[in-house]
Amino acid sequence: MTTKTVAELLSQDITLQDVTVKGWVRTFRANRFIALNDGSTINNIQCVVDFENFDEALLKRITTGAAIHIKGELVESQGKGQSVEIQVKELEVLGDSDAETYPIQPKKHTFEFLRENAHLRTRTNTFSAVMRLRSSLSFAIHKYFNENGFYYMHTPIITGSDAEGAGEMFRVSTLDPKNPPLTEDGDVNYKEDFFGKETNLTVSGQLEAETFAMSLGKVYTFGPTFRAENSNTSRHLAEFWMIEPEVAFMDLAGNMDLAEDFLKSVLGYVLENNKEDLEFLDKRLQDAEKTLPQAERSPMNLLDKIKFVVENNFKRVSYTEAIDILRNSKPNKKKKFKYIIEEWGADLQSEHERYLVEKHFKCPVILFDYPANIKAFYMRLNEDGKTVRAMDILFPGIGEMVGGSQREERLEVLKEKMKALDIPEEELWWYLDLRKYGTAVHSGFGLGFERLVMFATGMGNIRDVIPYPRTPQNAEF
Ligand code: 4AD
Ligand code: MG
């Protein structure tokens, strides 16, 4: 007799003698009904105990959170809400749980409380559903690239270059912080550090991914990414996962097509394969929004929102058009934005991005051709000399989901740009080599995985879609 998962048992349309199942007790009602969950599905299996047949001392140990092993008969359920249940014949407590102190009581807990108990929060319906979706989305991502001829590349976590030029990096060093070796000028002498130079945790695998695109053609990375930006928002993590495809001979229009097709495909995958979890999260979101004033509730429920993205074209809008829309918008004229848009060249804040997707276009938007001086050094300069072939994809409720661009493939133009931004050529000699030996048009983008999980689950805080969030002042677990 093999142990079956709860998901396997619940999908049986026949009744079975002798089933065995292991899991954690969610509730034990009336000394008779155990709701058992093992993480394989959002649903519990009901296990019915005839208390006359069991020791009272044993039944006392069936407490919320306890790990138990049940043998019994799978029968058609007499009760409502489930098709089958287990008539318990044998019952073994594998691990007791102290009911008094177990943090995950069978009641509503706040997400703040559950964050402090992140090691146990995946025993709740909401967090187990979120993590199953996270797993499913990451599978869908690999599946999409695999089926479309991309190679999966592992780019380094420790790097000597600042790909985004934002300088928000975590230093990697084995020097003694109390007594570091110094140069003659009194600076820290990184020549004596582990790698013989200054190194940091990567902010993006893009630059290395470009080297592989320029040899293998179509590649992607999917790995941990680190940013030491001190932004304590519901959309930023210090450690997050980024997906970065990079494709040779593809221009910005191709990049937009790829990103749109990719997002639709992976979201379509979870619509098909994670129905129960999505339905649960949909209901959770509707319940949570009941307490909000009508105007703040989402106009669509979760499933409709995902379907909408899968079924409709994203709107493609140039930065210049977007600035015109924003300049003439009500919140700008009434000075409701924190940052008023006055001139072309202004960087867009999340309030502006959200106005464009949520109020103006009401669908995902791809903004492109941004001013050169608000974007990274590697983006392809347009013929106008002032904009670059950048694209950001903005999603309702999320803001920036994707950032990407066509890359500057012209050696001289790239060198000039680096010079203007004080990026030493010695640091990126290998990146420049790509432009010396067989350079070609190429493009790619970065998708923040947790932002995608937020969208697909309807969770409002990025800390609740990653197992153990790293944020300023917080690296517990
Ligand atoms: O726009 P970003 O900074 O672009 C890059 O890093 C490029 N090198 C990508 C490329 O072209 N290959 O970051 C890409 C995405 C953002 O759109 C956002 O979704 C996510 O990464 N992201 C974050 N997610 C969580 N926490 C943070 N601190 C994030 N910073 C960026
Ligand atoms: Mg960006």
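The structure is a predicted model, in which local features need pLDDT of at least 70 and side-chain atom pairs count only at pLDDT 80 or more, whereas totals for chains, interfaces and linings use all residues. Residues are numbered from 1 along each chain as its sequence is written, chains are lettered from A and ligands numbered from 1 in the order in which they are written, and side-chain values use heavy atoms, with hydrogens and water left out.

Strand 15 gives the most to the shell around ligand 1, with five residues. Of the 24 residues around this ligand, E164, Q206, E244, E400 and M401 come nearest, where a residue is near a molecule or strand if one of its heavy atoms lies within 4 Å of it. By class, the shell around ligand 1 is made up of eight nonpolar, eight polar and eight charged residues; Ala, Val, Leu, Ile, Met, Phe, Trp, Tyr, Cys and Pro count as nonpolar, Asp, Glu, Lys and Arg as charged, and the others, Gly among them, as polar.

Polar contacts are pairs of N or O atoms within 3.5 Å; within protein, one must be able to donate a hydrogen and the other to accept it, and residues adjacent in sequence count only if both atoms are side-chain atoms. A nitrogen atom of ligand 1 lies 3.0 Å from a backbone N or O atom of L237, a polar side-chain atom of Y378 is 3.4 Å from a nitrogen atom of the ligand, and a polar backbone atom of F445 lies 3.4 Å from a nitrogen atom of ligand 1. Of the 630 Å² of accessible area that ligand 1 has on its own, the protein covers 94%, the areas coming from the Shrake-Rupley method with a 1.4 Å probe, and for residues only the protein chains shown count as cover. Two or more residues of the shell come from each of strand 11 (239-248), strand 15 (399-406) and strand 16 (442-448).

Pairing of strands, which requires that DSSP finds at least two bridges between them, was examined next. Strand 1 (residues 16-29) pairs with strand 4 (residues 67-76) in the antiparallel sense over seven bridges, and W24 has A67 as its bridge partner in strand 4. Strand 1 is also joined by five bridges to strand 2 (residues 33-37), the two running antiparallel, with T27 opposite A35 in strand 2. In the hairpin of strand 1 and strand 2, which has three residues between the strands, A30 takes a positive phi near 55°.

An open sheet of three strands has the order 7-9-8 with antiparallel pairing, its edge strands being strand 7 (158-159) and strand 8 (171-172), each of which pairs on one side only. Two bridges join strand 7 to strand 9 (residues 199-201), and T159 stands opposite N200 in strand 9.

Terms used: Helices (H or I, at least four residues) and strands (E, at least two) are DSSP runs, numbered from the N terminus.
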